[in-house]
Amino acid sequence: MHDGAAADPRFRFPDSVSLKTGTIVRVRGGYHGTVTKGGRLACEVVADFTERPDEMLTAAKALRVGVASAEIVGIPEQESETDSAREGQPLRRWALYRERNKPPRDRKIRAVQEEGDPLRCEVCSFGFTAAYGELGDGYAEVHHSLPLHISGVTWTLLPDLALLCANCRRRCHRSFRGESWRRPDDLREQMQKLGQRAIHQAASTSAS
Ligand SMILES: [Zn+2]
């Protein structure tokens, strides 16, 4: 069920999950069984879930998106009057952690390299190594073709990702004429149309 995760020493085994569940039940009250020694953090978490369920749900959803995608797509604004930054803290920490652990990103780049292809922007064909030499080697921005705020919680597969230059990635995210985002494929098509128009214009100018 958990693949290789159980080999990780930080992995929670069924006994510790059961222990934690017992703590949660006890802290929530109405429990009359054996009292376990619950942690202070468990009390705080249970209080948060009990007192502010909507905020906790929002934070949990954002974390799940982050886990599934290896990216945090924005820390939800908290409207609570009390301690508004609190849910943001774990999300920010998680974002930092994921910054240093980017498996889908690395796998996407590695997959292209293993094909023997140079890394290029999938929209404008900008060649990173051709332009920057060694500085450009093995680095490209990795972009979700369908933005995570549209797809919601999802497992990211390599075909869902596109390698882009920073310029094209910004254009994919730019709000423009009522559209808040566009797919790299659509942007590439737009650029190709513009390029063809430019070629036609240049040809007609030189002919006249
Ligand atoms: Zn580009």
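Reply: Start with L41, V45 and F49, which make up a nonpolar patch on the surface with about 290 Å² of accessible area together (patch members have over 30% relative accessible area and no salt bridge, and nonpolar side chains are joined within 5 Å; areas are Shrake-Rupley with a 1.4 Å probe, and only the protein chains shown count as cover). Before going on: this is a predicted model, with local features needing pLDDT of at least 70 and side-chain atom pairs pLDDT 80 or more, while totals for chains, interfaces and linings use all residues. Numbering runs from 1 along each chain as its sequence is written, and side-chain values use heavy atoms, with hydrogens and water left out.

F49 sits in helix α2, residues 40-51 (helices are DSSP runs of H or I, at least four residues, numbered from the N terminus). F49 counts as partly exposed, because its relative accessible area is 44% (buried is under 20%, exposed over 50%, partly exposed in between).

Now the metal. For reference, the ideal for four tetrahedral donors is 109.5 degrees.

How covered are the two? C124 is partly exposed at 30% relative accessibility, whereas C168 is buried at 7%.

C168 is one of its buried residues, along with R169 and C172. Looking down the axis of α8, those buried residues fall within an arc of 100°, so they line one face of the helix (the arc is taken from the directions between the helix axis and the C-beta atoms). On the face of α8 turned away from that buried side you'll find the exposed residues N167 and R170.

Next, the charged pairs. Searching the whole structure turns up five salt bridges (a side-chain nitrogen of Lys or Arg within 4 Å of a carboxyl oxygen of Asp or Glu). Among them is R52 with D48, at 2.7 Å from N to O. Both of those ends are tucked in: R52 is buried at 12% relative accessible area, and D48 is buried at 10%. In another, D106 meets R105 at 3.7 Å, N to O; D106 is partly exposed at 35%, while R105 is buried at 17%.

D185 and R188 also form a salt bridge, at 2.9 Å, N to O. Both lie in helix α9 (residues 184-207), three residues apart, about one turn of the helix. D185 is partly exposed at 45%, and R188 is partly exposed at 25%.

One last stop: I150 is in helix α7, residues 148-151, and is partly exposed at 44%. I150 and W181 are 31 residues apart in sequence, with 9.9 Å between their C-alpha atoms.

How values were computed. Patches are made of residues with over 30% relative accessible area and no salt bridge: like charges are joined within 9 Å, nonpolar side chains (Val, Leu, Ile, Met, Phe, Trp, Tyr) within 5 Å. Buried means under 20% relative accessible area, exposed over 50%, partly exposed in between (1.4 Å probe, protein chains only).
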